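Biologist: Please walk me through a model. I would like to learn how to read its features one at a time.

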Amino acid sequence: MPDNDLCVTRVPIFQGLSRDDQLQVAGFVSPLHVHKGDVIYSPGQPVSRLLVMHSGSLKVSRIGTNGQERVLRTVSDGEVVGERAMLTGERSDDLVTALEDSRMCTLGRDDLVGLLGRYPDVGMRMLRTVSDRLASTERLLAAVTFSDVSARVAAYLLDRPGQVRDGKVTVHLPMSKHDVAAYLGTTPETLSRRLAALTSAGIIELEGRRNVVVHDPDALERVAAGDTD
């Protein structure tokens with residue numbers, strides 16, 4: 001119970017419930033802890049459970065016929081994985097790998113149906129999470145289709161969750177710059193040049209290998225929109 005309770009109370013889609021309801025929901029879910037590098041789902045594997053992220057991050061990718069990996073998205077706190085394959089019964093085409101030690105709540109299909117029947121607000125929160133992910137995907141698709149690499153990089157930084165410190169937002173890159181570049185459809189060298197240009201313009205500041213401090217979010221929005229004037 002303590003692990004289940006901890007999982008439920010800290011996952012955003014369950015936080016709108018009362019304490020008593022959270023304890024009831026804990027009876028539906030099972031906690032799962034994975035280590036960095038662990039494979040959670042493989043292509044062709046049937047998906048029998050929904051994963052709701054508690055902490056950590058996962059990478060969702062596809063392996064092409066040439067063997068190259070294409071990163072589709074990363075998954076962080078409060079997001080869900082495996083909903084389409086689980087609900088449709090189709091086998092997943094995705095490779096889901098832990099980018100770091102991660103904790104999550106897991107729900108089997110029957111338990112999910114029962115949970116949503118009793119707590120429809122949880123379904124609305126899940127729908128909002130999926131909707132946010134779709135909006136982010138559409139924004140990136142538009143950037144890849146119509147914009148240059150600088151706009152893609154800016155849009156990516158704007159879509160990442162950030163932490164406010166000293167009045168500034170710090171964005172943590174969940175993947176290596178090599179994987180971020182692949183996700184944005186560019187090369188690591190080009191990504192580094194675009195980040196350096198944003199730094200020189202005073203819009204961002206690189207902090208270590210994975211952190212980006214956003215000094216001027218309005219300017220970053222203009223870059224993402226392709227407004228370089």
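Modeller: First, the ground rules. This is a predicted model, where local features need pLDDT of at least 70, side-chain atom pairs count only at pLDDT 80 or more, and totals for chains, interfaces and linings use all residues. Residues are numbered from 1 along each chain as its sequence is written, and side-chain values use heavy atoms, with hydrogens and water left out.

Biologist: Start with the sheet. In what order do the four strands of the open sheet lie?

Modeller: The general idea is that strands of a sheet pair through backbone hydrogen bonds, either parallel or antiparallel. Strands here are DSSP runs of E, at least two residues long, and helices are runs of H or I, at least four; both are numbered from the N terminus. Two strands pair if DSSP finds at least two bridges between them. In this model the order is β1-β8-β3-β6, with antiparallel pairing.

Biologist: Which are the edge strands?

Modeller: β1 and β6 (80–81), since each pairs on one side only.

Biologist: How many bridges join β3 to β8?

Modeller: Six, between antiparallel strands, with β8 covering residues 102–108. One place to look is methionine 53, which stands opposite methionine 104 in β8. Now turn to β6. Two bridges join it to β3 (residues 49–55), again antiparallel. Here leucine 51 has valine 81 as its bridge partner.

Biologist: Why is β3 described as largely enclosed?

Modeller: Burial is read from relative accessible area. Buried means under 20%, exposed over 50%, and partly exposed in between (1.4 Å probe, protein chains only). Five of the seven residues of β3 are buried, so the rest of the structure largely encloses this strand.

Biologist: Next, salt bridges. How many does the rule give?

Modeller: The rule asks for a side-chain nitrogen of Lys or Arg within 4 Å of a carboxyl oxygen of Asp or Glu. The count comes to three. In one of them, lysine 59 meets glutamate 69 at 3.3 Å, N to O. Lysine 59 is in strand β4 (residues 58–63) and glutamate 69 in strand β5 (residues 69–75), 10 residues apart.

Biologist: Are these two residues buried, exposed or partly exposed?

Modeller: Lysine 59 counts as buried at 10% relative accessibility. Glutamate 69 counts as partly exposed at 33%.

Biologist: Which residue meets lysine 59 at 3.7 Å?

Modeller: Aspartate 179, in a salt bridge, N to O. Aspartate 179 lies in helix α7 (residues 177–183) and lysine 59 in β4, so this pair ties together parts that are 120 residues apart in sequence. Aspartate 179 is buried, with a relative accessible area of 16%.

Biologist: And where are the partners arginine 62 and aspartate 94?

Modeller: Their side chains meet in a salt bridge at 2.4 Å, N to O. Arginine 62 is in β4, while aspartate 94 is in the loop between α3 (83–88) and β7 (95–98), 32 residues apart. Arginine 62 is partly exposed at 33%. Aspartate 94 is buried at 17%.

Biologist: Now the surface. Which residues form the negative patch?

Modeller: A patch is made of residues with over 30% relative accessible area and no salt bridge, with like charges joined within 9 Å. Asp and Glu count as negative. A charge is placed at CG of Asp or CD of Glu. The negative patch here consists of Asp38, Asp77, Glu100 and Asp101. Take aspartate 38. This residue sits in the loop between β1 (30–34) and β2 (39–41). Aspartate 38 counts as partly exposed, at 31% relative accessibility.

Biologist: Last, the glycines. Where is glycine 208?

Modeller: In the loop between β11 (204–207) and β12 (211–214). Glycine 208 counts as exposed at 63% relative accessibility. Its C-alpha atom is 22 Å from that of serine 102, 106 residues away along the chain.

Biologist: Is glycine 27 buried or exposed?

Modeller: Exposed, at 67% relative accessibility. Glycine 27 is in the loop between α2 (19–25) and β1. The C-alpha atoms of glycine 27 and valine 8 are separated by 9.8 Å, and the two residues are 19 apart along the chain.

Conventions: Patches are made of residues with over 30% relative accessible area and no salt bridge: like charges are joined within 9 Å, nonpolar side chains (Val, Leu, Ile, Met, Phe, Trp, Tyr) within 5 Å. Accessible areas come from the Shrake-Rupley method with a 1.4 Å probe; for residues, only the protein chains shown count as cover.
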